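Please open the model in a viewer and keep the sequence panel at hand.

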Amino acid sequence: METDLIFKIAGIGIIVSVLNLVLKRAERDEQAMLTTLAGLIVVLMIIVNEIGNLFDTVKNVFGIW
């Protein structure tokens with residue numbers, strides 16, 4: 001696994017947590033929850049893309065497809 005992927009996910013987590021904290025302090029709990037949800041969706045999309053690349057690599061290595 002690339003360390004770049006880990007840094008991307010960590011960066012998104014830091015940005016989302018700071019935004020969440022700022023929004024909760026401003027008493028905007030709904031927007032804070034939506035920001036957290038959006039961050040989670042972005043990270044899941046990155047992970048799904050990487051899993052797809054992994055499956056393609058496994059197929060090419062073993063000549064399955």
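Which residue does the side chain of Asn20 join through a polar contact of 3.2 Å? The coordinates belong to a predicted model, and the selection that settles the matter is Asn20 together with Thr36: their side chains are joined by that polar contact, at 3.2 Å.

**Stop 1: Asn20 and its surroundings**

Keep Asn20 selected. Asn20 is a residue of helix α1. Its relative accessible area is 19%, and Asn20 is therefore buried, the cut-off being under 20%. Next, display the contacts of Asn20, setting aside its neighbours within four places in sequence: Ala32 and Thr36 are in contact with Asn20.

**Stop 2: helix α1**

Select residues 3-25, which make up helix α1. Helix α1 has 23 residues, and the distance from its first C-alpha to its last is 33 Å, close to the 33 Å expected at 1.5 Å a residue. Within the helix, colour Leu5, Val16, Asn20 and Leu23, the buried residues of α1. What covers these buried residues includes α2.

Val18, in helix α1, has a relative accessible area of 47% and is partly exposed. Lys8 is likewise found in helix α1; with a relative accessible area of 46%, Lys8 is partly exposed.

**Stop 3**

Move on to Glu27, in the loop between α1 and α2. Is Glu27 buried or exposed? Its relative accessible area is 70%, so Glu27 counts as exposed. Most residues other than glycine have a negative phi. Glu27 has a positive value although it is a residue other than glycine.

**Stop 4: helix α2**

Select residues 29-62 for helix α2. At 1.5 Å a residue, its 34 residues should span 50 Å, and the end C-alpha atoms of α2 lie 49 Å apart, which agrees. Colour Ala32, Thr35, Gly39 and Val43, the buried residues of α2. These buried residues pack against α1.

Ala38 is also in helix α2, but its relative accessibility of 39% makes Ala38 partly exposed. Just after α2, select Gly63, where phi is positive at about 65 degrees.

**Stop 5: the two helices together**

Display both helices and their axes. How do the axes of α1 and α2 cross, and within what distance do they come? The axes cross at roughly 170 degrees and come within 8 Å. Angles over 145 degrees count as roughly antiparallel, and α1 and α2 are therefore roughly antiparallel to each other.

To show the contact itself, select Leu5, Ile9, Ile12, Val16, Leu19, Asn20, Leu23 and Lys24 on the α1 side. On the α2 side, they meet Asp29, Gln31, Ala32, Thr35, Thr36, Gly39, Val42, Val43, Ile46, Ile47 and Glu50. Colouring this selection by residue class gives 11 nonpolar, 5 polar and 3 charged residues in the contact of α1 with α2.

**Stop 6: distances across the model**

Finish with the distance tool, working between C-alpha atoms.

- Ala38 and Ile14 are 24 residues apart along the chain, and their C-alpha atoms are separated by 13 Å.
- Lys8 and Ala32 are also 24 residues apart in sequence, and their C-alpha atoms lie 21 Å apart in space.
- Val18 and Gly63 are 45 residues apart along the chain, with 46 Å between their C-alpha atoms.

Note on methods:
Residues are numbered from 1 along each chain as its sequence is written. This is a predicted model: local features need pLDDT of at least 70, side-chain atom pairs count only at pLDDT 80 or more; totals for chains, interfaces and linings use all residues. Side-chain values use heavy atoms; hydrogens and water are left out. Axes are lines fitted to C-alpha atoms, for helices over the stretch in contact, and angles run from 0 to 180 degrees between N-to-C directions. Helices (H or I, at least four residues) and strands (E, at least two) are DSSP runs, numbered from the N terminus. Angles under 35 degrees count as roughly parallel, over 145 as roughly antiparallel, 65 to 115 as roughly perpendicular and the rest as oblique. Contact means heavy atoms within 4.5 Å. Ala, Val, Leu, Ile, Met, Phe, Trp, Tyr, Cys and Pro count as nonpolar, Asp, Glu, Lys and Arg as charged, and the others, Gly among them, as polar. Buried means under 20% relative accessible area, exposed over 50%, partly exposed in between (1.4 Å probe, protein chains only). A polar contact is a pair of N or O atoms within 3.5 Å; within protein, one must be able to donate a hydrogen and the other to accept it, and residues adjacent in sequence count only if both atoms are side-chain atoms. The expected span of a helix is 1.5 Å times one less than its number of residues.
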